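Hello,

Here is the structure I said I would pass on. Please open it first, then read the notes below.

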Amino acid sequence: MSEAKSFDVIIAGGAMAGATLALALDTLSQGRLNIAVIEAYQTDHHAHPGFDARSIALSYGTVGILRQLALWPAIAPVATPITQIHVSDRSHAGMTDITRESAGVDALGYVVELAHVGRIYAEKMAQSAAIHMFCPASVSTVERHNDAVTVTLNSGESLRGQLLVAADGAVSTCCQQIGLALTEHDFNQVAIIANVVASEPHRGRAFERFTSTGPVALLPMSDNRLSLVWCLPPEVAAQVMQCSDSEFLARLQTAFGWRLGRLIKAGERSAYPLLLRYREQNISHRFAIVGNAAQTLHPIAGQGFNLGIRDVATLAEELTAGDAIGSYAQLNRFRQRREADREATITLTSALVHLFSNDWLTLSIGRNLGLAAMDNLPMLKSPLLRRTLGVVNR
């Protein structure tokens, strides 16, 4: 076997979390760090699961981080600003509105299509002399030593680094190799994802509507399209996936209502089972985890990706702060800085799912009183608003 190639940091996974980390390290170290990125799928490959047809909402706080990392100027032209978030409960009075004016910001967040970001990130990584892509490639084995880590790829090639970062998705091969425990909770829901068009312009408004079968979210996109995330019990989702376009739109109209007029067009549908997956331990010897490998959340509050970016930014800051890369002290600081935010976000998201995804009378009354109170008592809005905006201490 050939001698291992040497790097400062090896990143397993080159989708959103891994690519953002590679570019963040390159920017913060001013190109001094030698970075390897191992990615199984070509970015321009239609089947890349990390950069597929889905859209994500970048919170106000995430955009601030991307600005600091000099990544936002390239993403801004393909991002749609969110001017207002309207939260309501179907067939009940409770509702709340969050506007950019009331929050005192230019936009509450932005919606981007993953495929666009994938293309932008691929171009940026290709332009960097310090980032070395191994693609298509995947990790076969991980071997840790006192002062380094060796990764063997499926091609037989060997890479040696001071730190391995797992950004290889919820079912992380690297975490399995290391033996980091994974906790799973099945929400018994499936998310149906599609792009839809309504007869009325969305004007940058995002909607989250709670129904007896689960939440329906519509996010504003370019060309007056909306990105739909519709959470349903598995058996109902299976029926909805089989519907014709006209049946699908009729059922969605019933669930969502008429705030955007008639829903007139739907694109290709995808379905994803919804699970909470998290690893309590996000570091180990010469090893750290970020993104979905660390935690995969329910999409109810749009928190998962934004939490992952906060992990990425904090790790990049610690790795470029001057200590020996991958040292215990450095990784422990990363762990400590991320602990409270991770726990709070995971807890909040799961609590919202259980509060808003059923029709029990007591919970229904409670959540409607809560939504009405939030709308009328601004101090109640602020803790949730801060987390919605991603204005969180790191």
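What follows covers the nonpolar cores and then some of the salt bridges. Keep in mind that this is a predicted model.

Cores

The largest nonpolar core has 47 residues. I11, L25, Y121 and L315 have the most contacts inside it. Helix 1 (residues 16-28) gives the most to this core, namely 8 residues. At least three residues come from each of domain 1 (5-64 + 114-183 + 277-352) and domain 2 (71-113 + 185-275). Another core, of 24 residues, lies apart from it and includes V190, A194, V236 and L252.

Salt bridges

There are 15 salt bridges in the structure. One of them pairs R225 with E113, with the closest N and O atoms 2.7 Å apart. R225 is in strand 15 (residues 225-232) and E113 in strand 7 (residues 109-113), so this pair links distant parts of the chain, 112 residues apart. E113 counts as buried because its relative accessibility is 17%, under the 20% limit.

R337 and E318 also form a salt bridge (2.9 Å, N to O). R337 lies in helix 10 (residues 328-356) and E318 in helix 9 (residues 304-319), so the pair ties together parts that are 19 residues apart in sequence. R337 is partly exposed at 27% relative accessibility, whereas E318 is buried at 6%.

Regards

Definitions and conventions. Residues numbered from 1 in each chain as written. Predicted model: local features only at pLDDT ≥ 70, side-chain atom pairs only at ≥ 80, totals over all residues. Heavy atoms only, no water. Core = buried A, V, L, I, M, F, W, Y, C linked by side-chain atoms within 4.5 Å. Buried < 20%, exposed > 50% of the residue type's maximum accessible area, 1.4 Å probe, protein only. Helix = DSSP H or I, 4+ residues; strand = E, 2+ residues; numbered from the N terminus. Domains from an automatic or database assignment. Salt bridge = Lys/Arg side-chain N within 4 Å of Asp/Glu carboxyl O.
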